[in-house]
Amino acid sequence: MECAVYDTYVTKKDGKMMHFDVVVEASTPHEKAIQYGQEWLATVGQAGQKMTSEECQFCHIQEAPPFVEKSIKQAGYWIQKMEGCPK
């Protein structure tokens, strides 16, 4: 499966930066990727933090590894945690 990767930087409630990628099926609209990112933020206690096309920008298209493809088929997206994300 080809997937689109959106490079995302969100300021957390404590003022620190959180960096993660929102990974979706390649044909998914950008607005939907942002929505998925906002849904994930809610699951990690960061609901309501600003996440727009400014914070979540298209990066590239790549082939999804099997575990990412499975998550996309089940939930619509995969979050690749980078910096400042909860464990």
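Let's start at a turn: S1 and S2 form a hairpin with five residues between them, and Gly 15 in that turn has a positive phi of about 90°. Strands here, like helices, are DSSP runs numbered from the N terminus (strands are E, at least two residues; helices are H or I, at least four). This is a predicted model, where local features need pLDDT of at least 70, side-chain atom pairs count only at pLDDT 80 or more, and totals for chains, interfaces and linings use all residues. Residues are numbered from 1 along each chain as its sequence is written, and side-chain values use heavy atoms, with hydrogens and water left out.

**The sheet**

- Four strands make an open sheet in the order S3-S1-S2-S4, with antiparallel pairing; two strands count as paired if DSSP finds at least two bridges between them.
- At the edges sit strand S3 (56-63) and strand S4 (78-83), each pairing on one side only.
- Neighbouring strands are turned by 25° against each other on average, direction ignored; the axes behind such angles are lines fitted to C-alpha atoms (for helices over the stretch in contact), and angles run from 0 to 180 degrees between N-to-C directions.
- S1 and S2 are joined by nine bridges in the antiparallel sense, and Val 10 stands opposite Met 18 in S2.
- S1 and S3 also run antiparallel, joined by seven bridges; Ala 4 has Ile 61 as its bridge partner in S3.
- Five bridges hold the antiparallel pair S2 and S4, with His 19 opposite Glu 83 in S4.
- H1 lies across S1, S2, S3 and S4, running at about 130° to S2.

**What's tucked inside**

- Seven of the nine residues of S2 are buried, so the strand is largely enclosed by the rest of the structure; buried means under 20% relative accessible area, exposed over 50% and partly exposed in between (1.4 Å probe, protein chains only).
- The largest nonpolar core has 17 residues, and those touching the most other members are Tyr 6, Phe 20, Val 22, Val 24, Trp 40, Leu 41 and Met 51. Such a core is a set of buried Ala, Val, Leu, Ile, Met, Phe, Trp, Tyr and Cys residues joined through side-chain atoms within 4.5 Å.
- Strand S1 (2-11), S2 and helix H1 (30-43) each supply at least two residues of this core, and the largest share, five residues, comes from H1.
- A second, separate core of six residues includes Cys 3, Val 5, Val 23 and Ala 64.

**A charge in S2**

- Asp 21 has its place in strand S2 (residues 17-25).
- Asp 21 is buried yet has no salt bridge, and the nearest side chain of opposite charge, Lys 81, is 13 Å away. For charge, Lys and Arg count as positive and Asp and Glu as negative, while His and the chain ends are not counted.
- Not counting residues up to four places away in sequence, Asp 21 touches several residues, including Tyr 6, Trp 78 and Met 82; contact means heavy atoms within 4.5 Å.

**Salt bridges**

- The count comes to two salt bridges, each being a side-chain nitrogen of Lys or Arg within 4 Å of a carboxyl oxygen of Asp or Glu.
- Glu 55 pairs with Lys 50, their closest N and O atoms being 3.5 Å apart, and Glu 55 is buried at a relative accessible area of 12%.
- Lys 73 bridges to Glu 69, with the closest N and O atoms 3.0 Å apart.
- Lys 73 and Glu 69 are four residues apart in helix H2 (residues 66-75), so about one helical turn separates them.
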